[in-house]
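This report describes one protein model, topic by topic. Please have the sequence and the structure open while reading.

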Amino acid sequence: IMENKMLDNKIETFMMVAHLKSYTKAAESLFISQPAVSQQIRQLEEEFGVKLFNYEKRKLFLTTEGKELLKFAESVKVQTKNIKIKMKLSDKQSSPLNFATTFSLSNNDAWKIVDYYRSQRSKKIVCQTFNTQQCLEALNNGKIDFALIEGNFKQDDYDKVIIRNEPFIAVGKRELGIEAKKEYDLRELINYPLIYREQGSGSLEITRQILGMRNLSPIDFKQEYQIGSLSLFRRMLLDGVGIGFCYQCLLTDELDDGIIQKIKIKNMEVAHPISLVWLKGNDQLKEEIQVVKEILK
């Protein structure tokens, strides 16, 4: 699991146990005996003076202190990897840029970043598209340097800058019978099919919050479609299959052209921050983050 040897072997063993949730599987992966794994974990616990794992119903769980150690170790792993890459590259080369955006931000914002580095720097660019949860997992695993995400997330483990506040709106085709000038009560819209995003999506969490404030859920609508593909989500909205909630930037051109329209809802003016996020303590990214922040202004 570790690409470097800057961490103590006991920490490497601890990380393997934490990820596999098994002393036996960790021993097999590390090609050492299970007693050796147990001994290393015990030595770590003695050094730190805390319990790192607990068994609950025959399952292995990290303690609060264990979770903190894992965060620290993963942060060191990411920073060490970045240093090694930079040291291996020649002076004429720049380190590769690895980042991810959520699906909602993959068109305009991701393009601004890629276009800048394409024209300004001769470096390898790797841009991936995930939902919010997957972006954070990629950060934690050291697969990306930073992520551009929308919606809510647990912020304890990350540093961030807010790029802007993006309106989160209800949309639908006029052909559904939606009246452009009417201000709807949210409960009036349950007579329409609802199209919403997949589990782990920031947009899904915000949609649930909006509905929950009116004691509603997707099941209350005439029909519900939970869609994991962003292109299919857009296509269904644009084809008039139902109504949906999304960030305004997802359909900017279509809203401007009148292909689809914003649904006015009473007491619903929602905007959420678009955040540039990276692992806490990764000071090597400060200069890069500042550049990206300027690009996205």
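## Aromatic pairs

Counting rings of Phe, Tyr and Trp as paired if their centres lie within 6.5 Å, there are six aromatic pairs. One of them joins Tyr 116 and Tyr 117: the ring centres are 5.1 Å apart and the planes stand at 85°, so this pair is edge-to-face. Tyr 116 has a relative accessible area of 27% and is partly exposed, whereas Tyr 117, at 0%, is buried. The model is a predicted one.

Phe 168 and Tyr 247 also form an edge-to-face pair, with 5.0 Å from centre to centre and 80° between the planes. Phe 168 belongs to strand 6 (residues 158–172) and Tyr 247 to strand 10 (residues 243–247), so the pair ties together parts of the protein that are 79 residues apart in sequence. Both Phe 168 and Tyr 247 are buried. Elsewhere, ring pairs link Phe 14, Tyr 23 and Phe 53 into a cluster. A ring can also have a charged group over its face, as with Phe 233: Arg 197 lies over that face, 5.8 Å from the ring centre.

## Overall make-up

The protein contains ten helices and twelve strands. Its C-alpha atoms fill a box of roughly 70 × 55 × 30 Å along the principal axes. The protein has 297 residues, and 46% of them count as buried.

## Helix 3 and its two partners

Helix 2 (residues 23–30) packs against helix 3 (residues 34–48) at an angle of about 110°, and the two axes are 8 Å apart. Angles of 65 to 115 degrees count as roughly perpendicular, and helix 2 and helix 3 are therefore roughly perpendicular to each other. Helix 2 contributes Tyr 23, Thr 24, Ala 26 and Ala 27 to the contact, and helix 3 contributes Gln 34, Val 37, Ser 38 and Ile 41. By class, the residues of this contact are five nonpolar, three polar and no charged.

Helix 1 (residues 9–20) also meets helix 3: their axes come within 9 Å and cross at roughly 110°. Helix 1 and helix 3 are therefore roughly perpendicular to each other. On the side of helix 1 the contact is made by Asn 9, Lys 10, Ile 11, Thr 13, Phe 14 and Val 17, and on the side of helix 3 by Val 37, Gln 40, Ile 41, Gln 43, Leu 44 and Glu 47. This contact of helix 1 with helix 3 has six nonpolar, four polar and two charged residues. Val 37 and Ile 41 of helix 3 take part in the contact with helix 2 and in the contact with helix 1.

## A buried cysteine

Cys 246 is found in strand 10. Is Cys 246 buried or exposed? Its relative accessible area is 2%, under the 20% limit, so Cys 246 is buried.

Setting aside neighbours within four places in sequence, Cys 246 is in contact with Pro 167, Phe 168, Ile 169, Val 171, Phe 233 and Leu 251. One of these, Phe 168, is the residue that pairs with Tyr 247, and another, Phe 233, is the ring with Arg 197 over its face. Cys 246 and Ile 195 are 51 residues apart in sequence, and their C-alpha atoms are 9.9 Å apart.

## Exposed loop residues

Asn 215 lies in the loop between helix 7 (202–212) and strand 9 (224–227). With a relative accessibility of 66%, Asn 215 counts as exposed. Not counting residues up to four places away in sequence, Asn 215 touches Arg 187 and Asp 220. Arg 187 is 28 residues from Asn 215 in sequence and 9.5 Å from it in space, C-alpha to C-alpha.

Most residues other than glycine have a negative phi. Phe 31, in the loop between helix 2 and helix 3, has a positive phi of about 60° although it is not a glycine. Phe 31 is exposed, with a relative accessible area of 75%. Asn 267 also has a positive phi, near 55°. Asn 267 is found in the loop between strand 11 (261–265) and strand 12 (270–279) and, at 76% relative accessibility, counts as exposed.

Notes. Residues are numbered from 1 along each chain as its sequence is written. This is a predicted model: local features need pLDDT of at least 70, side-chain atom pairs count only at pLDDT 80 or more; totals for chains, interfaces and linings use all residues. Side-chain values use heavy atoms; hydrogens and water are left out. Axes are lines fitted to C-alpha atoms, for helices over the stretch in contact, and angles run from 0 to 180 degrees between N-to-C directions. Helices (H or I, at least four residues) and strands (E, at least two) are DSSP runs, numbered from the N terminus. Angles under 35 degrees count as roughly parallel, over 145 as roughly antiparallel, 65 to 115 as roughly perpendicular and the rest as oblique. Contact means heavy atoms within 4.5 Å. Ala, Val, Leu, Ile, Met, Phe, Trp, Tyr, Cys and Pro count as nonpolar, Asp, Glu, Lys and Arg as charged, and the others, Gly among them, as polar. Rings of Phe, Tyr and Trp (its six-membered ring) pair if their centres lie within 6.5 Å; planes under 30 degrees apart count as stacked, over 60 as edge-to-face and the rest as tilted. Buried means under 20% relative accessible area, exposed over 50%, partly exposed in between (1.4 Å probe, protein chains only). A charge sits over a ring if NZ of Lys or CZ of Arg is within 6 Å of the ring centre and within 35 degrees of the ring normal.
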